[in-house]
Amino acid sequence: MVAKPGLTPALDVIDLWKSFGGVRAVQGCTFSVPPHSITGLVGPNGAGKSTAINLISGLIKPDKGIIRLNGQEIQGHSLDWTSRQGLVRTFQVAREWPALTVTENVIAAAPAERQETIWRALFARRALGRRERLLEERAAGLLERLKLTPVAHEPAGSLSGGQKRLLEFARVAMAAPKIVLLDEPLAGVNPVLAEELGRAITGLRDSGVTVVIVEHNLRFVERTCDNVIVMGAGAVIGEGTMTELRKNQQVVEAYLGQGAPHA
Amino acid sequence: MLQYFVSIGTLAAITALLTLGLNSRWGLGGQLDLGFYLFVALGAYVDGVLTLPAASTQPGVHYILGLNLPFVVGFLGAGIVTGLLSLAIGSVALRNLRGDYFAIVTVATTIIGYTVISQYTPLFNGYNGLYGASQPLEGVLHLGPQAYQTFYFGLCVVILAAVFVILELIRRSPFGRAVKSVREDEVAAAAFGRNPYRLRLKAYVLGGVVAGLGGSLFMHYISAFNPASWSPLETFLLYGALLVGGTANSFGAVAGAVIVLVAFPQLTQLIPAFGSNSNAGPAVQAIAIGLLIIVVLRFRPAGLLPELKTMSGQLRTRGSWNWRARRAAGSGES
């Protein structure tokens, strides 16, 4: 999707390449994500969606290509550095910190702003205490909204799969990112919970966050996403709304098939 | 009888300190460090060469420095040097190595350290080691031998308490929480902006400093230190103490040290001697400690005082062993 004139794209991916041994997972992938939108990244298995997310978030390094976050080049940096620039991601499998309580999981996702040092632990306890109380309040609010309050003080490892997904959302909201990459947020989630997650995602966008979702549930994508990018064989093969994509012959052949859902 | 309890009490305080140090690395940081005792030994040696008089006063004895400095300097010096060594080793080993690979590096480092210290006589007098360590503050206090032992016991307990409080403040702080998050899942920690390498390195150095301080107290307790004092078994015994007491729980670390490293060996001495083999006693002791660890792991897998209790009262196991299993069970992420 072409960004609206005068508006810097929240995310700009230009000619991105990545090979694993002989396999070209991503080859010449180029797309833009407009700010404050929800963009779906879809495509058949092996199309390179997850690799693209891994490259953008800094989990792995690209062989070639440019990635811009709000105009700033970020390619080649580490996952934690990229996160500190305001790009936060989730994973296909919920990656909670099992031995930390649910509340601790949420608080530990907040931007650290140099608070997490031994020095401050020993000599700035009052300031830390004030900050902790604020974070606890915010965490409690988020858990309340996601109906996780009853398990707030349980170890996160004891949650159900769906609850872990919700916890992931609470952590993302706590991290106050500029842009979020969600890698299959609905994997293993029941329809009721999926609706709740959908509301949480649109809520993120409405609060000014740019969202990119990798997702196979096309009904969900159509309902939730403002625009959709289709990947196939490591490159972008189409973009637009779902209605537009259904008319795109290449996309239909590669991914949607003739029985594409009409929401 | 009182002197007996004062003596094993001192030993208990020192070993509890060492277990707390290992807990920083393994319990908090999740680093399977099999070379922990190298830092204890180095702490003892560094304290020795700082507080002992110059080696030239004794024929056939060689060691560096010999500055005859007060105990406080030796004690702090031991912590600083072991902290710096931790920084040097950790900055290489913790950067890219995880789990077993990191553990192998710690074993290799220990073997190198052991070989250098025992073979290179000019450093710490080789196999004969250092002996004749001073009695801290005795020059000021002028106590009799028995009263001095009681004083030293008190000194060790005060230092243990101070280190305990500092480590607890750190463990409960945002820093402690961040280190735990790296232990639990470092990719997730990085995804939320934490630098896993720096956090791991800090926990590793923290453990190294405590090991050095413990080594210094140990030096003045037994007044001599040589390579026979630190076999690889010592590190495993500290792990035994942590497993029994409760990994990642400071109270558990102290309880484990007292039970496994002091009370248990003392009690097993009461088992009547049998056979004519003089090794039977220590062997029975080692077997008994092994059985204790197995029984505790079977019935209280997270130790007597676990890091975290669930509301249902069910005890959770945690540790690098599980972490690996969880990662293996996960999808093809990273």
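In the predicted model, B:Leu17 is in contact (C-beta atoms, placed from the backbone, within 7 Å) with B:Ile159, B:Leu160, B:Val163, B:Val210, B:Leu213, B:Gly214 and B:Leu217, residues up to four places away in sequence being left out. B:Leu17 is also among the residues with the most contacts inside the largest nonpolar core, together with A:Ala170, B:Val40, B:Tyr45 and B:Ala257; this core has 167 residues. A nonpolar core is here a set of buried Ala, Val, Leu, Ile, Met, Phe, Trp, Tyr and Cys residues joined through C-beta atoms within 7 Å. A residue counts as buried if 20 or more other C-beta atoms lie within 10 Å of its own, as exposed if 12 or fewer do, and as partly exposed in between, with C-beta atoms placed from the backbone. The most residues in this core, 14, come from helix 10 (residues 196-222) of chain B. Because domain 1 (34-60 + 76-96 + 161-256) and domain 2 (98-158) of chain A both give residues to the core, it lies between them; the domain bounds come from an automatic or database domain assignment.

Residues are numbered from 1 along each chain as its sequence is written, and chains are lettered from A and ligands numbered from 1 in the order in which they are written. As the model is predicted, local features need pLDDT of at least 70 and side-chain atom pairs count only at pLDDT 80 or more, whereas totals for chains, interfaces and linings use all residues.

Helices (H or I, at least four residues) and strands (E, at least two) are DSSP runs, numbered from the N terminus; two strands pair if DSSP finds at least two bridges between them. In chain A, an open antiparallel sheet is formed by four strands in the order 2-1-4-5. Its edge strands, each pairing on one side only, are strand 2 (23-33) and strand 5 (72-73). Strand 1 (residues 11-20) of chain A is joined to strand 2 by eight antiparallel bridges. Across this pairing, A:Leu11 has A:Val33 as its bridge partner, and A:Lys18 stands opposite A:Val26. Two residues separate the strands of this hairpin, in which A:Gly21 takes a positive phi near 60°. Five bridges, also antiparallel, link strand 1 to strand 4 (residues 64-69) of chain A, where A:Ile67 is the bridge partner of A:Val13.

Helix 1 (residues 49-57) of chain A is mostly covered, with nine of its nine residues buried.

Definitions and conventions
Two residues are in contact if their C-beta atoms, placed from the backbone, lie within 7 Å.
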